[in-house]
Amino acid sequence: MLRLEHVTLREVRLALREPFRISSGVVAERRILLLEVAADGGLRAWSECVAGEAPNYSAETIDTAWLALREWIAPRLLGVELAGPECVHELLERDLRGHRMARAALEMAVWELSALAEGLPLARRLGATRDRVEVGISLGIQPTPEALVERASAARSAGYRRIKLKIRPGADLSFVAAARGALGEAAPLSVDANNAYGTGDFDHLARLDAFGLIMIEQPLEHEDLLRHADLQRRLRTPLCLDESITSVFRAEDMIRLGSGRIVNIKPGRVGGLGASRAIHDLCAARAVPVWCGGMLESGIGRAYNVALAALPNFTLPGDLSPSARYWERDIVIPEWVMRADGTMAVPLDRPGIGVRVDEGRVDDLTVRLETLRAP
Ligand code: OSB
Ligand code: MG
């Protein structure tokens, strides 16, 4: 049994080493919502809410998440005897629509508390089997194909196991062609459109088939499964859904409708690690590969992603780049590093998420703080 005693919400600001541009917006500085959760028995856990500053990826933002955590989510769990993290999703699902990133942040902290209470690395607590995960990189939209080639070549040399190119109308075919030409036929490449195309673009998108991509991620509207299915029938390249998959039911819908052949799992987008694992299990049973997406997390959010990605059906490299790809300095010790072979070690040598939070630095970076207590 676990009982949450208080939840501290904090906003910290961390500048990205370079602005990250996707079809729906650009971010230069992350406003990051961190949770510090204390349970009875002196256990403490840190977690991260991945909501961004603007509602361009999903409806949630850091400010809606803060409100939802304070008003509805934290009060559901504070002071309640919890049998374990497995029961949290259901507690937070009842009569509470949306706000999945906010719910996930608290749910993940309960997984961490449970791992700590049982003396297990988080990956093991989740049932993960791997001791390393394959790392991919997501390259933001660049001003020119030449600039993209430069970054993609550097990523290839650094050892990344998969290079994802962000695309949008006007920055797609020629950019992908340039990257493919420079990196060669064997380089594992994918693209991510973040909903930038519509039903009038199917002929155009079909031209991506020429580039031997591992997948095309989320070309169409975030709530649209039917037209993704129409498009998938036109393409040889597998579609992968990201924004569209908000629950295990949506993953099942995707599989039954044929809207895609690969799933990007982000715990924030689906409401936490329980739902992530359920989607992983469903996809494993249907022979649908999954991989772990990223939301430009700090080292805290990354720890949860790495633990999740160590589950067996995460058979494609994740957007789990090392700390130095994003930040001058991360807020965890040690920072996340990638080996020359393009893998990252799953920390299995200590209980919990496997990295320590640099609390002094987090204090220095904090611009807003609120503590919620059990009644
Ligand atoms: O679509 O995967 C996406 C970042 C912000 C919003 C959406 C996405 C992304 C990424 C970043 O691709 C991947 C990463 O964290 O390295
Ligand atoms: Mg994506």
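Is His-99 buried, partly exposed or exposed? I looked it up in what is a predicted model. His-99 has 24% relative accessibility, so it counts as partly exposed; the cut-off for buried is under 20%.

I then checked the backbone of His-99. Its phi is near 55°, a positive value in a residue other than glycine. I found His-99 in the loop between α2 and α3.

I noted Asp-95 in the loop between α2 (88–93) and α3 (100–118). Phi of Asp-95 is near 50°, also positive and also not in a glycine. Asp-95 counts as exposed because its relative accessibility is 65%. I flagged these values because most residues other than glycine have a negative phi.

Next I looked at peptide bonds. The one from Ile-333 to Pro-334 is cis, with omega near -10°. Pro-334 lies in the loop between β13 (332–333) and β14 (343–345).

Then I turned to ligand 1. I found it in the largest pocket. I listed 15 residues around ligand 1, the closest being Lys-166, Asn-194, Lys-266, Leu-296 and Tyr-326. By class, the shell holds seven charged, five nonpolar and three polar residues.

I looked up contacts to oxygen atoms of ligand 1. Lys-266 places a polar side-chain atom 2.9 Å from a ligand oxygen. For Asp-192, a polar side-chain atom is 3.0 Å from an oxygen of the ligand. Leu-296 uses a polar backbone atom, at 2.9 Å from a ligand oxygen. On its own, ligand 1 has 380 Å² of accessible area, and the protein covers 96% of that.

Notes. Residues numbered from 1 in each chain as written. Chains lettered and ligands numbered in written order. Predicted model: local features only at pLDDT ≥ 70, side-chain atom pairs only at ≥ 80, totals over all residues. Heavy atoms only, no water. Helix = DSSP H or I, 4+ residues; strand = E, 2+ residues; numbered from the N terminus. Buried < 20%, exposed > 50% of the residue type's maximum accessible area, 1.4 Å probe, protein only. Near = heavy atom within 4 Å. Polar contact = N/O pair within 3.5 Å; in protein donor to acceptor, adjacent residues only side chain to side chain. Areas by Shrake-Rupley, 256 points an atom, 1.4 Å probe, with all protein chains shown as cover. 1 Å grid on protein atoms, 1.4 Å probe; cavity = no way out; pocket = protein on both sides within 12 Å on 5 of 7 lines; lining within 4 Å. Sits in = over half its atoms within 2 Å of the grid points. Nonpolar A, V, L, I, M, F, W, Y, C, P; charged D, E, K, R; others polar.
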